[in-house]
Amino acid sequence: MRSLVGRLLLINLMLFSQLSAAENIDRPKHRPWNAEKPWLIPQDTTTAMNNPDYYAWQLFVALNWPADTSRCKADTYAQLGEAGLTVWESWQSREETFLDGAAEPQTWRQGCKQGGFTSLPTGDYSVFADETIRLNKAAYDYIRDHKLYSLDEQERLARAGVENVNFPLGSMTVKGNWVRITEADKPNYHWQEIERDGHVDLYGLSGLHIVSKDSPTWFWATFEHVDNERRWAQTYPTAFVGWLTQSVDHAACSSDNLACNEIPSGFGLEGTRWANYRLRGTQVDWSTNRGAPTVLANSQLEAFMDLETSSCITCHALAVKGEEGAPKPIGFLLEEVNIHGKKLGYVGPPNPQLFLDGNGEAIPYLGLDYVWALRKAKREQP
């Protein structure tokens, strides 16, 4: 019996390796941003690595273009800033990907035809449970094709000795956070109405993370609405801590004032609701060329922790699954706290000790390729 199990695990490992190789061969071709067709989503590793703030705004415009929801693509007849769902909101949601019983999710085309799942908060602002998380076709198909929506399959891969899954270049995830707004706020926000029990609630987009696989460690960018700096920090101080860390934006600001908190010219943002959003920063590496750890924080999405020790790359590098047990075996916060009682996060390259047991032996973790959403995978039906 043990021999049979071993052979099955070996076959599983070989199939997974072949599928990963096929994905890499069929990766998206280089496509720089086209100012004449700003709705086309770029896949441009050169710009991502060398001019990350410009790339962030290019993605911001393309992903926030009004959507043709039946095709999960941009409506090329629409204009930036028109009301309605954006391109990223037409993508498959976390809830549509990870189904009860680890049921196979529907195809991308089927999901697009249905118009998608809308996830908005139940209270005054988003929390972990109801923040909006969407995956593009490359990321969704990879999860579906490799059965990574199953927690049991992730564990089978870990037991088979697979060290890492490997999403193809061009894979993207977007995370949106919301706050309750008034009718008067509508012109200044990307907004959604949601009806519950005969009552309509109005929410405005307040925080936006864009994550794109343009390198092995992905590309990270975060945006916030200008109201997050003071208005919401005063209204909901436990959910919005204000801009305690300075913004950095080489696309919009001069080199002597990278925290100018303006929009860049040449992207068509002027006069639209999107002119009220700011790039807080990007991240493409663990540390600077002087050896200092890089950080990236969103004052709403990371309000629960010390923002000066928030590092997207480091946190997501800890996304792993063990042979059994919890879907999130390594926490991304330290026990240490700052003077305000907020827990510190990990920065810089991950500590190798986190991946070892008490005897210094490597724990057979399956690396989830920086995609924390995979922790939402479900158990298969017995």
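# Notebook: salt bridges, strands and cysteines

**Entry 1: an arginine with two partners**

I began with arginine 379 and found its side chain meeting that of aspartate 152 in a salt bridge, 3.2 Å from N to O. Arginine 379 sits in the segment after β13 (366–367) and aspartate 152 in helix α7 (residues 151–159), so this pair ties together parts that are 227 residues apart in sequence. A reminder to myself: this is a predicted model.

Arginine 379 has 37% relative accessibility, so I noted it as partly exposed. Aspartate 152 has 19% relative accessibility and counts as buried, because the cut-off for buried is under 20%.

Which other residue forms a salt bridge with arginine 379? I found glutamate 155, with the closest N and O atoms 2.9 Å apart. Glutamate 155 lies in helix α7 and arginine 379 in the segment after β13, so here the two tied parts are 224 residues apart in sequence. Glutamate 155 has 5% relative accessibility, so I wrote it down as buried.

I then looked up arginine 231, which forms a salt bridge with aspartate 185; the closest N and O atoms are 3.0 Å apart. Arginine 231 belongs to helix α8 (residues 231–235), while aspartate 185 is in the loop between β5 and β6 (191–196), so the pair ties together parts 46 residues apart in sequence. Are these two partners buried or exposed, or partly exposed? Arginine 231 is partly exposed at 31% relative accessibility, and aspartate 185 is buried, with a relative accessible area of 9%.

How many salt bridges does the structure hold? I have 24 in my notes. I also found a network of salt bridges that links Asp124, Arg180, Arg196 and Asp201.

I turned to strand β5, which covers residues 172–180. How many of its residues are buried? I noted 8 of 9, so the strand is mostly covered.

Which strands pair with β5? One of them is β4 (residues 132–135), joined to β5 by 4 bridges, and these two run antiparallel.

**Entry 2: the disulfides**

How many disulfides does a search of the whole structure find? The search gave me 2.

I started with the one that joins cysteine 72 to cysteine 112, where the S to S distance is 2.0 Å. This pair links distant parts of the chain: cysteine 72 is in the loop between β1 (67–68) and β2 (73–74), and cysteine 112 is in helix α5 (residues 108–114), 40 residues apart. The angle about the S-S bond is -120°, and I noted the link as left-handed. Both cysteine 72 and cysteine 112 are buried.

The other disulfide I looked up joins cysteine 253 to cysteine 260, with 1.9 Å from S to S. Its torsion about the S-S bond is about -80°, so this disulfide is left-handed. I found both cysteine 253 and cysteine 260 buried.

How do the bonded cysteines pair up when numbered in sequence order? I wrote the pattern as 1-2, 3-4.

**Entry 3: two cysteines without a disulfide**

I checked cysteine 312 next and found it in no disulfide; the nearest cysteine sulfur belongs to cysteine 315 and is 7.5 Å away. Cysteine 315 is in no disulfide either, and its nearest cysteine sulfur is that of cysteine 312, at 7.5 Å. Why do I not call this pair a disulfide? The sulfur atoms are 7.5 Å apart, and a disulfide needs them within 2.5 Å.

Are these two cysteines buried or exposed? Cysteine 312 is buried, with a relative accessible area of 7%. Cysteine 315 is buried too, and I noted 17% for its relative accessible area.

Terms used
Residues numbered from 1 in each chain as written. Predicted model: local features only at pLDDT ≥ 70, side-chain atom pairs only at ≥ 80, totals over all residues. Heavy atoms only, no water. Buried < 20%, exposed > 50% of the residue type's maximum accessible area, 1.4 Å probe, protein only. Pairing = 2+ DSSP bridges. Salt bridge = Lys/Arg side-chain N within 4 Å of Asp/Glu carboxyl O.
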